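Please look over the model shown here and work through some points on its helices, its cores and its backbone angles.

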Amino acid sequence: MRTLSVALDARSYPIHIGTGLLADPGLILPYLKSKRVAVITNTVVGPLYLAPFVAALRERGLRVTEIVLPDGEAHKDWPTLNLIFDGLLGDRCDRSTTLIALGGGVVGDMVGFAAASYQRGVPFIQVPTTLLSQVDSSVGGKTAINHPLGKNMIGAFYQPRLVLADIATLNTLPDRELKAGLAEVIKYGLIRDLPFLEWIEANLERLLARDADALAEAVERSCRNKAEVVAADETEQGERATLNLGHTFGHAIETGLGYGEWLHGEAVAAGAVMAAELSHQLGWITEADVARVRRIHERAGLPVKGAPLGADRYLELMAHDKKVSDGTLRLVLLKAIGKAVISAEASTAEIRATIEACC
């Protein structure tokens with residue numbers, strides 16, 4: 001087992017990464033406030049992992065509430081969030097109950113938001129079961145639900161007590177979901193860790209083949225990058241926004257097509273290529289750099305062209321981005337491969353030209 005820490009003073013917490021961790025409830029027990037827990041999962045992950053996980057917890061004397069949500073980004077909304085509250089209230093869960101998110105990014109985001117809100121805040125633990133959630137969404141305390149006008153627009157910064165990433169759960173992950181997770185792995189190399197990007201380029205076939213050692217290395221190095229950024233800028237006042245490379249374009253795709261039509265990682269991949277193209281238009285990176293960004297995403301089996309929504313629709317949706325400040329859209333762009341910046345330098349005409357060239 002590999003262990004990292006997210007350094008947030010009194011709210012610091014560990015990230016455990018390894019194989020077979022779900023079968024060891026002893027890793028979770030030190031982070032519980034009481035013997036009451038609620039395990040929240042969805043209709044896809046639940047049949048695979050819920051019963052043995054809950055049985056192991058009950059063997060340790062815990063009282064467990066089970067809540068199963070519908071699967072998918074389309075259900076990351078108020079009605080589904082209320083299903084969590086219905087289950088907690090129906091089982092009389094009190095403020096000492098720890099919520100455990102067993103699933104991918106959608107489950108983790110919603111459980112975190114529920115934990116931040118239920119009785120004004122209860123502890124929670126992330127047990128991510130997808131590559132994307134293990135390398136990104138389970139770490140850092142961003143929790144949210146979607147709104148028809150924008151992705152992740154309603155939520156809170158609320159840190160977990162523990163992240164438990166069991167690499168073995170990736171063996172049941174559909175190929176499309178695995179590839180979507182690779183988009184977030186690649187992102188870390190592009191924005192701040194060039195040696196990691198070079199490692200990904202050299203080991204991409206191993207990752208696609210689900211080599212356990214390669215996946216563990218990718219999860220650890222991704223989490224290490226994110227933990228460093230979160231420790232420096234927890235609530236995204238500066239550097240943390242660079243973690244959103246490709247996300248402004250990508251969120252427009254997800255919202256414009258309807259949540260769930262494209263996976264989040266697929267939209268981020270296309271968005272990263274668009275961000276690279278715009279960075280080239282601004283004279284910051286070369287055409288060869290853009291080709292490199294496009295090539296690694298293609299090799300990972302990810303889209304490199306955006307959805308054909310039309311430039312006007314993209315611009316309309318991007319105007320709702322959380323990085324908009326005083327009416328000015330700020331984008332995460334590349335000054336170099338391995339160095340991202342937050343910039344408002346691109347004109348509307350340049351952004352439009354990028355969209356038209358990349359969709």
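Predicted model: local features only at pLDDT ≥ 70, side-chain atom pairs only at ≥ 80, totals over all residues.

Residues are numbered from 1 along each chain as its sequence is written, and side-chain values use heavy atoms, with hydrogens and water left out.

Q: What distance does helix 10 reach from its first C-alpha to its last?
A: Helices (H or I, at least four residues) and strands (E, at least two) are DSSP runs, numbered from the N terminus. The expected span of a helix is 1.5 Å times one less than its number of residues. Helix 10 covers residues 287-299, 13 residues, and its reach is close to the expected 18 Å, at 18 Å.

Q: Why do the buried residues of helix 10 line one face?
A: Buried means under 20% relative accessible area, exposed over 50%, and partly exposed in between (1.4 Å probe, protein chains only). In helix 10 the buried residues are Asp-289, Val-290, Val-293, Ile-296 and His-297. Directions are taken from the helix axis to the C-beta atoms. Seen down the axis of helix 10, the buried residues line one face because they fall within an arc of 130 degrees.

Q: Which helices are included in what covers the buried residues of helix 10?
A: Glu-287 and Ala-288 are exposed on the other side of helix 10. The cover over its buried residues includes helix 5 (175-191), helix 6 (194-208) and helix 9 (264-281).

Q: Which residues does Ile-200 touch, not counting residues up to four places away in sequence?
A: Ile-200 is among the residues with the most contacts inside the largest nonpolar core, which has 79 residues. A nonpolar core is a set of buried Ala, Val, Leu, Ile, Met, Phe, Trp, Tyr and Cys residues joined through side-chain atoms within 4.5 Å. With contact meaning heavy atoms within 4.5 Å, Ile-200 touches Val-185, Ile-186, Leu-207 and Ile-296.

Q: Is Asn-152 buried or exposed?
A: Asn-152 is in strand 8 (residues 150-157). Its phi is near 55 degrees, a positive value in a residue other than glycine. With a relative accessible area of 18%, Asn-152 is buried.

Q: Is Asp-9 buried or exposed?
A: Asp-9 lies in the loop between strand 1 (2-6) and strand 2 (13-18). The phi of Asp-9 is positive, near 55 degrees. At 75% relative accessibility, Asp-9 counts as exposed.
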